[in-house]
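Here is a short note for a colleague who is meeting this structure for the first time. Please read the numbered points with the view open beside you.

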Amino acid sequence: MTFLKTILIILLVYYLLKILVKWFGPKLFSYAAKKTEERFRENFGGFNNQQHTNEEKVGDVIIDKKPPKRNASSKKVGEYIEFEELD
């Protein structure tokens with residue numbers, strides 16, 4: 001008899017949780033989305049303002065050129081030695 005009560009309690013808790021998630025799940029999700037959006041705006045909200053202050057004036061000449069890459073290693077590595085297996 002206790003086994004049957006245990007199974008019924010488990011099923012009751014399962015269905016109650018299912019109903020509660022169906023009712024409050026969307027509300028919790030929207031609350032979490034709003035909080036995440038607020039944190040994002042707080043952390044990155046000033047980015048757009050900084051971007052406009054760094055704009056170049058008309059007539060300024062800016063040259064963005066990367067220096068050529070220099071290979072540190074030379075083409076001559078050494079001589080090739082062939083190894084043979086000894087039995």
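Is I7 buried, partly exposed or exposed?

1. I7 counts as partly exposed, because its relative accessibility is 33%, where buried means under 20% relative accessible area, exposed over 50%, and partly exposed in between (1.4 Å probe, protein chains only). This is a predicted model, in which local features need pLDDT of at least 70 and side-chain atom pairs count only at pLDDT 80 or more, while totals for chains, interfaces and linings use all residues. Residues are numbered from 1 along each chain as its sequence is written, and side-chain values use heavy atoms, with hydrogens and water left out.

2. I7 belongs to helix α1, which covers residues 2–44; helices are DSSP runs of H or I with at least four residues, numbered from the N terminus. Of the 43 residues of α1 the number buried is zero, so the helix lies largely in the open.

3. Within α1 there is a kink of about 45 degrees at F24, shortly before the proline P26, the bend being the angle between axes fitted to the seven residues ending there and the seven starting there.

4. Two salt bridges are found in the whole structure, each requiring a side-chain nitrogen of Lys or Arg within 4 Å of a carboxyl oxygen of Asp or Glu. One joins K35 and E38 at 3.9 Å, N to O, and these residues lie three apart in α1. In the other, the closest N and O atoms of R41 and E37 are 2.9 Å apart, and R41 counts as exposed at 55% relative accessibility, whereas E37 is partly exposed at 40%.

Methods
Helices (H or I, at least four residues) and strands (E, at least two) are DSSP runs, numbered from the N terminus.
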